[in-house]
Amino acid sequence: MNTSSNPLLDFSGLPRFSEINPEHITPAIEALLNENKAIIDEIRHDPQTPTWQSFVQPVVDANERLSRAWGQVSHLNAVMNTPELREIYNQNLPLITQFYAELSQDQRLFEKFKQLRASKEYETLSLARKKIVDDELRDFRLGGAELSPEKKQRFLKIQEALSELSSKFNDNLLDATNAFSLLIENAEEVSGIPEDVLHTARQMAEKDGRQGWKFTLHMPSYLPVQQYADNRILREKMYHAFYTRASEYNVTDDKNGEKNWDNMPLINKILELREEEAKLLGYKNYAEVSLATKMASSPQQVLDFLRELAAKAKPYAKKDLQELQQFAAEQLNLPKLETWDIPYASEKLRQARYAFSDQEVKQYFPENKVLPGMFKLVEKLYHISIVPADSVELEHQIQYWHPDVKLFDIFDAGGSLIGRFYVDLYARSTKRGGAWMDGAISRRRIGCEQGGSVVQIPVAYLTCNFSAPVEIKGKPRPALFTHNEVIVLFHEFGHGLHHLLTQVDDLNVSGINGVEWDAVELPSQFMENFCWEWDVLTEMTQHVETGESLPRALFDKMLAAKNFQSGMQMVRQIEFALFDMHLHYDFNPHGDKTVLQLLDEVRSEVAVIIPPDYNRFPNSFAHIFGGGYAAGYYSYKWAEVLSADAYGLFEENASSSIAGVMDADTGSRFKQEILAMGGSRPALESFVAFRGREPQMDALLRHNGMTA
Ligand SMILES: [Zn+2]
């Protein structure tokens, strides 16, 4: 294969986006897979004692080429999707998945890692390299590498069955969601629902050749009905349909035979198989398997953590609910508040209390003020500078996938280039929804063994779906962001800085690589805090017409609204997390107690809202039954404690610093102990090195307005 003619096989610099065509993909992936298989095969049969240089490094190098090439393809598939690209992407995806699956179960590679671990060389390796070897051994063991042949066969059967069950769980949920719709023909019955939602509902009815409004259980339709529909019966009908999805209530007969979308039998089977898998691997329960790769050390530690947080939050949740009940009774003529009244009454209470709109706030956050403001903040904190990249580099034009994309360079205090990132902010029809950070190139040191080494500069993608700039009366107006979008931007930039400011020399643990799953949101959530700082906001706001920065009075209203019902929201998250942890820790899938009974117990302990009997929430809890969050749902709150507590040090040091919370000394320490270290040591060690002690939940409670 001629590498120079295929841009995906050029690893000398930045991706050559404008040259990549769908026809490059399959040949490039095929070539790389063949090359990798050949390299790995040679290594597997190498009779020499494995060393870092002869064994680990070649595998890392080979995998890096594949992941860089495939990373560009995945990226384009997510941001410049076309039917042609999607098809080729989907053709190649199983090959990649299979390659990594085989690699993770390769017995000979596992043996070689064990030999390396037992060798004298291991003792001489850096801490980062030791951790890479240890992580590999752990992952092999979790993949069943140490099981006897019969047990291994059973293990693989379980894995297969679990992946089928998860996929069936998601299919049932989607089918059940799609199967329901409600047509309303009387205009009085849709009062209160916003015009844009009604517009879509009318179009959907028209598609069916009907008059009126068609509502569905998809979020953009379901949520506004719950929040805004004055019609209580409509809200209840929709609520009932939503919370009985994929349950025994969805067993229906039709002409094509019986449709059974009930997820409960799948849930029981999934729990049984997870338990069996855990026992095969030598663990007491599946929660222990899940935590083997996480920062939390034991299921009991997680349970204690959640219960402590629940005890702190519950009084506030009760107060939130009482206020809501009182408001609903007095102002909305709802003397008995039902679960389908809660979003509706909450929205009305919010409007009554905090009279400002997102639209009003948005006028103060133009892109040309927000982006430089965010850069200025991290420049102060971390002694770096961020500048737009030159358009030409080493005689090559820098290539982009879309004209809206920009590339920025980060320099350290000494003027050396240390990282680069692409920013792609606006929504478009070819881009997948949401916002995310992804690594394009990871930092590593290359060529150490030949003496003179070079550092590979990390590169990141920052992708959002914000509204684009518009022309008003022929005059261009910059893009305007809601405050929530600004928070999203800071969040993703936080992930980006974790990837870009790393100082680790080994790929597998540089940046976010190798960071425990329940700690990876620390740097991102940490950044969100700055969006609530007056000193930061005055520097990054400017009314798009008047040029004024954000008025203090409006900021105070935003602050007051920030913690609206935070108690109720927190106990709800804790309810899900406790339910998930108990299911995978001390719940017996073969016992007398049912999944629903366990949920009832958890609710009676921590919840303030007890839903009606027919509520089948577990049947749609896709995070843990259809996704990767099993015995991991707690991670949301866990990482929030870490990020809030880390930010707490900035708050503590603010009073003694002229820069306030933007204190550069605290910033340097955060950069050095957390961002720079990446996954080269356990997250707890990094946290303690920064904070001087183990994490505490006080700061999170304070940030949520839960202090006496
Ligand atoms: Zn995140």
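Modeller: Quick ground rule on charges first: Lys and Arg count as positive and Asp and Glu as negative, while His and the chain ends are not counted. Each charge is placed at NZ of Lys, CZ of Arg, CG of Asp or CD of Glu.

Biologist: Fine by me. How many positive and negative side chains does the protein chain have, then?

Modeller: There are 74 positive and 100 negative ones, and the centres of the two sets lie 1 Å apart.

Biologist: What sort of model is this?

Modeller: It is a predicted model, where local features need pLDDT of at least 70 and side-chain atom pairs count only at pLDDT 80 or more, while totals for chains, interfaces and linings use all residues. Residues are numbered from 1 along each chain as its sequence is written, and side-chain values use heavy atoms, with hydrogens and water left out.

Biologist: Good. How many helices and strands are in the protein chain?

Modeller: The protein chain has 27 helices and 15 strands.

Biologist: What share of the residues is buried?

Modeller: Of the 708 residues, 51% are buried, meaning under 20% relative accessible area; exposed is over 50%, and partly exposed is in between (1.4 Å probe, protein chains only). As for contacts (heavy atoms within 4.5 Å), 72% of those between residues at least 6 apart in sequence join residues at least 24 apart.

Biologist: Let's go inside. Which residues have the most contacts within the largest nonpolar core?

Modeller: Those are Phe215, Tyr382, Phe421, Phe493, Phe526, Phe530 and Phe670, in a core of 161 residues. The largest share of this core, 12 residues, comes from helix α13 (residues 299-331). A second, separate core of 56 residues includes Leu9, Ile43, Trp70 and Val133. For the term itself, a core is a set of buried Ala, Val, Leu, Ile, Met, Phe, Trp, Tyr and Cys residues joined through side-chain atoms within 4.5 Å.

Biologist: What is Phe526 in contact with, leaving aside neighbours within four places in sequence?

Modeller: Its partners are Tyr382, Glu521, Ser643, Ala646, Tyr647, Phe650 and Phe670.

Biologist: Switching to Ile270: is it buried or exposed?

Modeller: With a relative accessible area of 0%, Ile270 counts as buried. It belongs to helix α11 (residues 264-280). Beyond four places in sequence, Ile270 is in contact with Leu162, Leu165, Ser166 and Phe625. Leu162 is 108 residues away along the chain, yet the two C-alpha atoms are separated by 6.3 Å.

Biologist: Now Lys112. Buried or exposed?

Modeller: Lys112 is classed as buried because its relative accessible area is 8%. You'll find Lys112 in helix α4 (residues 107-118). Not counting residues up to four places away, Lys112 touches Ile43, Arg44, Asp46, Gln48, Pro50 and Phe55.

Biologist: One more: where is His483?

Modeller: His483 is in helix α17 (residues 483-500), and it is buried with a relative accessible area of 9%. Its contacts beyond four places in sequence are Val361, Phe365, Cys531, Trp532, Leu537 and Met558.

Biologist: Last stop, Met697. Which residues does Met697 touch, not counting those up to four places away in sequence?

Modeller: Met697 touches Phe305, Glu308, Leu309 and Val641. Met697 lies in the loop between α26 (683-691) and α27 (698-703) and is buried, at 8% relative accessible area.

Definitions and conventions: Helices (H or I, at least four residues) and strands (E, at least two) are DSSP runs, numbered from the N terminus.
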